[in-house]
Amino acid sequence: MITMMISAIENDFQREFMENLYKKYYPAMLKKAEALVSNPDDAEELIQDIFSNLIARVETVMAVEPKKLPAYLMSSVKYGAIGKYRTRSRENNHIASDVSDDELELLRDENSLPEDLFIQKEAVAELRAALEKIPEKYKNVLEFKYILGLSDSEIGAKFGISENAVRTCLMRARRKAYSVMKEGL
């Protein structure tokens, strides 16, 4: 599909640029996407969306310095994955009753009472609401750590900070989210 979109570019120079970009960076972009999203189909869809956007902005992409192009593309994958997650979260999780059965299964144990499950659903909904109210930086680091399951070193690499700085940021993010949740009580 991506190759069809690229072949539809009328300008020969732009088409050749995008073909080379695709051949050179597609494997690395797909690998990063697979590390960030839940399944290979979502990763492939994410990369198709990114290339579609890149093709639409081909002149801007061509203006990026060649040595900065890999970081630009990897950032596109990272923020694309975050956007996809947020969109899916907003669509599926506006209120506590929208907590999925899979999420409930993770919360449930053999001895759970219905009242306990309801309280857990409410807690998940409160946490989601709190995450929407904290600064973007903190929200991202919490999502990378607890939703995407990345290690401190992987998060540090994404943000360009040390593991200690990641731990500090996580501590501050948890405190901020707790503070927001506490205010809502």
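Buried means under 20% relative accessible area, exposed means over 50%, and partly exposed is in between, with a 1.4 Å probe and protein chains only. With that in hand, here are some friendly notes on the structure above.

1. **What you are looking at.** This is a predicted model, in which local features need pLDDT of at least 70 and side-chain atom pairs count only at pLDDT 80 or more, while totals for chains, interfaces and linings use all residues. Residues are numbered from 1 along each chain as its sequence is written, and side-chain values use heavy atoms, with hydrogens and water left out.

2. Phe, Tyr and Trp rings (the six-membered ring for Trp) pair if their centres lie within 6.5 Å; planes under 30 degrees apart count as stacked, over 60 as edge-to-face and the rest as tilted. By this rule the count comes to three aromatic pairs. In one of them, the rings of Tyr-22 and Tyr-26 have centres 4.9 Å apart and planes at 40°, so the pair is tilted. Another joins Phe-144 and Phe-159, whose ring centres are 5.7 Å apart with planes at 65°, so this pair is edge-to-face. Phe-144 lies in helix H8 and Phe-159 in helix H9 (residues 152-159), so the pair ties together parts that are 15 residues apart in sequence. Phe-144 is buried at 1% relative accessibility, whereas Phe-159 is partly exposed at 29%.

3. **The tyrosines of helix H2.** Helices here are DSSP runs (H or I, at least four residues), as strands are (E, at least two), numbered from the N terminus. Tyr-22 and Tyr-26 sit four residues apart in helix H2 (residues 12-36), about one helical turn. Tyr-26 is buried, with 17% relative accessibility. Together with Phe-51, Tyr-22 and Tyr-26 form one aromatic cluster.

4. Side chains of opposite charge can pair when their charged atoms come close. A salt bridge is counted when a side-chain nitrogen of Lys or Arg is within 4 Å of a carboxyl oxygen of Asp or Glu, and the structure holds seven of them. Lys-139 meets Glu-132 at 3.8 Å, N to O, and Glu-136 at 4.0 Å, N to O. Lys-139 and Glu-136 are both in helix H8, three residues apart, or about one turn of the helix. Lys-139 is buried, at 6% relative accessible area, while Glu-132 is partly exposed at 47% and Glu-136 is partly exposed at 41%.

5. Arg-167 and Glu-163 form a salt bridge of 3.7 Å, N to O. They are four residues apart in helix H10, about one helical turn. Arg-167 is partly exposed at 39% relative accessibility, and Glu-163 is partly exposed at 39%. Which residues make up the network of salt bridges? Lys-145, Asp-152, Glu-163 and Arg-167 are linked in it.

6. **A positive patch.** Patches are made of residues with over 30% relative accessible area and no salt bridge, joining like charges within 9 Å and nonpolar side chains (Val, Leu, Ile, Met, Phe, Trp, Tyr) within 5 Å. Lys and Arg count as positive and Asp and Glu as negative, with His and the chain ends not counted; each charge is placed at NZ of Lys, CZ of Arg, CG of Asp or CD of Glu. Lys-137, Arg-172, Arg-174 and Arg-175 form a positive surface patch. Its largest share, three residues, comes from helix H10 (residues 163-183). Lys-137 lies in helix H8 (residues 136-147) and is exposed, at 51% relative accessibility.

Definitions and conventions. Accessible areas come from the Shrake-Rupley method with a 1.4 Å probe; for residues, only the protein chains shown count as cover.
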